[in-house]
Amino acid sequence: MEKLIGLLIMIAVGVGLALVFWGLNRLLGPKSPNVVKDVPFETGRAPISASGRRMAVKFYMIAILFVLFDIEMIFLYPWAVVFRDIGAVALVSMMIFIAVLVLGLAYIWKRGALEWQ
Amino acid sequence: MQDYIWLIPFFPLLGFLINGLLGKYLSEKVIGILGSAMVFLSFSTAVVLFFQLTQLDPENRLFINTLYTWMATGSFSADVAFRFDALSAVMVLVVTGVGFLIHVYSIGYMHGDRGFARFFSFLNLFTFAMLLLVLGNNFLIMFLGWEGVGLCSYLLIGFWYENPEYAYAGNKAFIVNRIGDFGFLIGIFMIFGYFGSLNFDTVLSAAGMQPEWVITTICLLLFVGATGKSAQIPLYVWLPDAMAGPTPVSALIHAATMVTAGVYMICRTSAMYVLSEVALSVVAIIGLLTALMAATIAITSKDIKKVLAYSTVSQLGYMFLAAGVGAFATAIFHLMTHAFFKALMFLAAGSVMHALSNETNIDKMGGLKNKIGTTYRTFWVGGLAISGILPFAGFFSKDEILWKAFSSPFGSTVFWAVGTLIAGLTAFYMWRMIYTVFYGESRVDKEVALHIHESPKVMTVPLIVLAALSTVGGLVNIPHYFPMFEHFLDPVFMKYINPAAFEASHGSFGLELTFAAISLVVAFTGIWLAKVMYVQRRELPDKIASSVKGLYTLLFNKYYVDELYDKIIVKPFVKVSDAFFYAFFDVKIIDGIVNGSAKIMDSIAGVLRRSHSGVVQFYALSLVVGAIALFGYLIFG
Amino acid sequence: MNGFEFDWIAIAPFLILSVLGFAVVVLGISFPKMYRGTLGTIVLVGFAVAFLASLQSWDDARLAFGGMITADKFSSAFSCIFILGATLTIGLSINQVEEKYLLYSDYFALVVFATAGMTLMASGTNLLTLFLGLETLSIALYVLAGFRRSNEFALEASFKYFLLGAFASGFLLYGIALIYGITGSTDLTKISAYVSSEGILGSKMFFAGFLLLLVGFGFKISVFPFHLWAPDVYQGAPTPISAFMATGSKAAGFAALMRFMIAMQSTTQSGWQDIIWVIAAATMILGNVIALRQSNVKRMLAYSSIAHAGYILIGVLAGNTIGSSGIIFYLLTYTFMNIGAFGVISYLSTAEHEFITLSDFRGLASSRPFAAIAMAAFMFSLAGIPPLAGFMAKFYLFSAGVKAGYVWLVIIAVVTSMISLYYYLGLVVQMFMRDKEADVAATAPLQPAVMIAISIAMLAILILGIFPSRWVSLFQDLARSLM
């Protein structure tokens, strides 16, 4: 219990400070709303439609696929750095990894995830 | 030959499989003959084994047939093994012998029922389970049989499930028996924990080494199991309702065999019970109270099968009384004679119902004496036997119990006095029924009266055989002159205990004869009273009933025990389970709480609502709350 | 990285299954019209090979990949259980996949990948390997749970499972981080050494990590209070997948939990027993009591599977040889009886009518006797009625509990299994003792593969119940090798 007192105090101070600042803002901040202020800012022009619009699911699909294949870079960079030290084992490992990725690419291609229509 | 003990339970199992799987394709005749023949084969095997057993010295009378090791964990192992000693022998012979007669009777009784094959396969399955129970060489096999007979009982009570009331009776039996089984199972686990074995010989021979409180606890837990299966206070409530099943079932399961499992179990573990005076007293007192309570209820009941049911409860109470005063052989003796005469009376009652288009209300009977003569005469024999009239079977066993209740070191005068009173009550209520059903004027409905007929031979012959057994069955054990039965059984009970502890502490032969005379007088008084009230002066019962209205209502409503249980146990349980577990944790209700108003709006698109509900947050919250609770333990625990 | 040798045999089951999974994907996209039975057969052959490969490490324990992987009796037994479960799942699915759902090659491949993840969980002796296996398993299951894409229950199931699963993984990962922070290693042997010297309560941070891991595992094995997802997910997922989740995934969770707990055990016993005790008791009570009120059989089986997790925790708590071997025996029998029970549902369901409410089962004994008898056998076994395997399994676990001194917990377990008998038997009553309603008839065509799978499961619970000693003694060898 004693060991944790510090932690508890820190949590209390952290949460408390946030609450205090937020509350002070509410209390002290001047409020003078008007119509123009409430309009969303959109490159200086009046908004042409509601902002909470539905997007086609295809956009998400592409985004996810991008992230999926982009992530491989995270593995390729460190691999490239130590490749010389480890040698053949590293080469084979990375080949397997890339092969699996290629398989995945072939799969989404064939399943039609890359078709826009 | 002892390697063939397994055949005894095997035959009924075979019958169950054939009738259960192929019953659809077989004719009634084949099914009935097959089912009965399988039990008869078991009976024959048992007879052969029995005679081989008697060839041996009394101390060595034990066959064990180990099939294989069922399970083994380190030092503990349990075999699939059967044990055939004097006690098992008696039980097996009763189960298969009486069982066979009841199977034969069922061929006639169930004729034309659409569940004919199902009935016989269940009946065979029951016989199989019951044989496992009495033949098992360890607690596990016994438990296997114990659960099996319970299951069959449940299936057979609800056999005519079209009637919701019958299905309810099945449920009730099931739940009440669960409570008993729970005690039994915990008892078994305790035995396992303290003895490290579940083998009867190992456990019983080591019982003396355990502290007394352990033995007492185990015995009491086992007895909880016995009160469930053998319908003793406080768990007897299921048995009268169990009469919803077909009458042969009532005869076989709920009178002759299954309900005696508790008595058998206590006798099997008698070496433990004698070490605990507390446990023995509890057994005796519960037995005596049950016997008294059930006998008083039976006086007012108007249903022919319910009278017999309460009488069964009462007689089982006698057996527990005997076991509770350490007279185990006497308990088994009464178990056997009771199996004869109670099976007889149930089957005869079934025959009466058969004649009267399934009428069970005794107020709608009367004057049947000459119309169904065979049934009447066999019923009459049963009545004399249960009332304890010399020389019928019940006299010897019941008298022996009363004497032991007085003379045994665990007995007392009170036990004897109350027991004798119950004997009088028994004679009274049983003859009240016989006089109402068979004597006086016919009160049968006109339409039914046209069809009154004696049952076919296939039903009456078993009745006659059972009547014969009820007449002479008691002669195998005549105290002092011919105590064959006791001498046969005693080696089983005396194996691990000092026989000196069971010498009668007081009483003499002269006193015993006096007591026998007293109980005869009491029994005759009961019969005479019944005759006066129900044949000669028919207006008396109503007069008496109205003069002690309160008592009569109390008895007629069976002491309101069902209502009491409903109020203090069933209702609160349902409430708690609804209010707490269900309402609090079940998703549907949580949906309702979370979505309150949304639920009403969405009630049409009920299915859709679920996928749109915000419940998943609640699930996540429970994860967090759970984690926080664990951390609470970390900080404060 | 010295000692980082490649030991192909140690990870042979995982490798074989992975390759099999990829092969199924490739076949699926190359020959979209391939007959489902052919593909199913290929998967089953692959499973057979993986099964044999798992058996290899029974007698020949080996440490591989610098202690990340341990192939021993434990991993061998568990891998075999997983593969058996997966085999039966495929058997249940073969006929269903095409009729009900598209993309059956993906379905098969995901089952195979999930199984691969399970084998990794059984052989991992490093928290990271365990986590890797868990995620491989989980991600495949998230997709499988929502495989009936046009069914709103399925979408709900998949969505909930994914969200909560990811949440629980977070707990797990955080726990691993804390433990790594204190001990400087994720290797279970090193962690065990730390526990031996410092005790589990030696550092509050360590204990906090331990608790977070418990939350993560608790989610996977669905114990109170981390169980809420199970009924919804089981209800929505395709029935064979519900079976797969209730058995394989749960067994994998227990495998990982056991590995972890064994590492925690090498010290003076204190701290965590009370927690597991409470969780086990609450799980048994809640699972069984709520199951009483279910009219949907899949939900009922879900709550029952929650309750069974509670029983198994008794074995974890006991921590003795009987307990450990009891858990494995229990999981083996549980795999058969639960897949069997879900299998019967799957056997009777058609694309139009899912056979899941209690009233669907009315009078089944006369219209579909095979299904009714099989279902009754599974219900009796789940309820623990001798001589079926469920009884033996419970008996071993409970006696382990008694032996370790947890008498009260065993009493709760016995009481709750008595309660459970009521709802299991309720289904049997519907099938055998009620007459069927006119309009609800079982119209599903006879499906040989499903029938075979159900028969195998039925045979297995009979054999394991009547002749259990051989298997139990095998598992006891296993348990002794762990201690």
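Trainee: Is the crossing of H13(C) and H18(C) left-handed or right-handed?
Mentor: The crossing of H13(C) and H18(C) is left-handed. That word applies if the near helix is turned anticlockwise from the far one by less than a right angle; clockwise makes a crossing right-handed. Helices here are DSSP runs (H or I, at least four residues), strands are E runs of at least two, and both are numbered from the N terminus.

Trainee: What am I looking at, and how is it numbered?
Mentor: This is a predicted model, where local features need pLDDT of at least 70, side-chain atom pairs count only at pLDDT 80 or more, and totals for chains, interfaces and linings use all residues. Residues are numbered from 1 along each chain as its sequence is written, while chains are lettered from A and ligands numbered from 1 in the order in which they are written.

Trainee: Back to H13(C) and H18(C). At what angle do the axes cross?
Mentor: Roughly 150°, and the axes come within 9 Å. H13 covers residues 321-348 of chain C, and H18 covers 448-466. Axes are lines fitted to C-alpha atoms, for helices over the stretch in contact; angles run from 0 to 180 degrees between N-to-C directions.

Trainee: Which residues make that contact?
Mentor: Among them are Phe336(C), Gly340(C) and Tyr347(C) of H13(C), and Ile454(C), Ala457(C) and Leu464(C) of H18(C). Contact means C-beta atoms, placed from the backbone, within 7 Å. By class there are 14 nonpolar, four polar and no charged residues. Nonpolar covers Ala, Val, Leu, Ile, Met, Phe, Trp, Tyr, Cys and Pro; charged covers Asp, Glu, Lys and Arg; the others, Gly among them, are polar.

Trainee: New topic. How many residues of chain B are in contact with chain C?
Mentor: 41 residues of chain B, in contact with 51 of chain C. The largest share of the chain B side, twelve residues, comes from H28(B). That side divides into 27 nonpolar, nine polar and five charged residues.

Trainee: And how does H6(B) cross H17(C)?
Mentor: In a right-handed crossing. The axes of H6(B) and H17(C), residues 407-433, come within 10 Å and cross at roughly 145°. Phe182(B) and Leu185(B) are among the H6(B) residues in the contact, and Val414(C) and Met418(C) among those of H17(C). This contact has ten nonpolar, no polar and two charged residues.

Trainee: What about chain B as a whole? How many helices?
Mentor: 28 helices, plus two strands. The C-alpha trace spans about 80 × 65 × 55 Å along its principal axes.

Trainee: How much of chain B is buried?
Mentor: 54% of the 637 residues. Buried means 20 or more other C-beta atoms within 10 Å of the residue's own, exposed means 12 or fewer, and partly exposed is in between, with C-beta atoms placed from the backbone.

Trainee: Switching to chain C. Why does Thr87(C) count as buried?
Mentor: Because Thr87(C) has 21 C-beta neighbours inside 10 Å. Thr87(C) is in helix H3 (73-100) of chain C. Beyond its neighbours within four places in sequence, Thr87(C) is in contact with Leu44(C) and Phe47(C).

Trainee: And where is Ala154(C)?
Mentor: In helix H6 (152-183) of chain C. With 23 C-beta neighbours inside 10 Å, Ala154(C) counts as buried.

Methods. Two residues are in contact if their C-beta atoms, placed from the backbone, lie within 7 Å.
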